[in-house]
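Please open the model in your viewer and keep the selection panel at hand. The tour below moves from one selection to the next and says what is to be found at each stop.

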Amino acid sequence: MKIAENKKILAESIESAKESSPIAAREIMLLAASKGQPASAIEEAIAAGIGYFGENRVQEAQDKWPELQKKHPQVKLHLIGPLQTNKVKQALALFDVIQTLDREALAEEVVRLRDSGFGIRGKHFYIQVNTGEEPQKAGVLPEKADGFINFCRKLELPVVGLMCVPPADQPPAPHFALLREIALRNGLEKLSMGMSNDFEAALRMGSTCVRIGTALFGHRD
Ligand SMILES: *Cc1c(COP(=O)(O)O)cnc(C)c1O
């Protein structure tokens, strides 16, 4: 049970990093990033007590998760990869939380489905911010974030927080700090930031959700 062992080590690191977090008292979500992992590895993670999973691609999740969800109805599934407008309906049917809302067309499509009777009760959204302003990366630009958050609020979408994936070739801390600043000034509580290599830094900057793949499952093929 390598995954159980990894989870125990991670839980300990999260506990100690939490002590230097500005929101030390709050619950930290360990979100298992299970892209590229077979159902057997996910089953092993569930058996080890993990209750939150993140997938990057709607199609891959569609292939893997309906059966797992039937067996483990308590497990919550988050979308942490980019979402195409024509996949919103499929995504809403499958995921409990969409962490990658990042443009008006996407928010409008969610609202169109909701207003046509497609139930989104209990679903939550995070807005992804492209803190590094990388052209190839998803996420709203930092200077557009306040406007987009307000846009979603006017549509009465349940936006609970922000998410970011800092540039791979830069120190992540300034990106985490920027995300936190945007969240604070907009009154958003949840911060999805930190992966295997930088989750401790993210927790020190106030992360409430760390998305961990490699450090939990081992290296992906
Ligand atoms: C793959 C992935 C992760 C996890 O990355 P690791 O470095 O393997 O922990 C987290 N967030 C997103 C958006 C990812 O695509």
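**First stop: Asn130**

Select Asn130 together with Glu134, and you will find a polar atom of the Asn130 side chain 2.8 Å from the backbone oxygen of Glu134. Bear in mind throughout that this is a predicted model. Is Asn130 buried or exposed? Its relative accessibility is 4%, and because buried means under 20%, Asn130 counts as buried.

**Second stop: the ligand**

Now select the ligand, which sits in the largest pocket. To show the residues around the ligand, select Ala33, Lys35, Asn56, Ile80, Val165, Met195, Ser196, Arg211, Ile212, Gly213, Thr214 and Arg220. Colouring this shell by class will give you five nonpolar, four polar and three charged residues.

Moving to Arg211, look for an N or O atom of its side chain, which is placed 2.9 Å from a nitrogen atom of the ligand. Finally, select Thr214, whose side chain has a polar atom 2.6 Å from an oxygen atom of the ligand.

Notes:
Residues are numbered from 1 along each chain as its sequence is written. This is a predicted model: local features need pLDDT of at least 70, side-chain atom pairs count only at pLDDT 80 or more; totals for chains, interfaces and linings use all residues. Side-chain values use heavy atoms; hydrogens and water are left out. A residue is near a molecule or strand if one of its heavy atoms lies within 4 Å of it. A polar contact is a pair of N or O atoms within 3.5 Å; within protein, one must be able to donate a hydrogen and the other to accept it, and residues adjacent in sequence count only if both atoms are side-chain atoms. On a 1 Å grid over the protein atoms alone, a cavity is a set of points where a 1.4 Å probe fits but cannot get out, and a pocket is an open set with protein on both sides within 12 Å along at least five of seven lines; lining residues have an atom within 4 Å of a point. A molecule sits in a cavity or pocket if more than half of its atoms lie within 2 Å of its grid points. Ala, Val, Leu, Ile, Met, Phe, Trp, Tyr, Cys and Pro count as nonpolar, Asp, Glu, Lys and Arg as charged, and the others, Gly among them, as polar. Buried means under 20% relative accessible area, exposed over 50%, partly exposed in between (1.4 Å probe, protein chains only).
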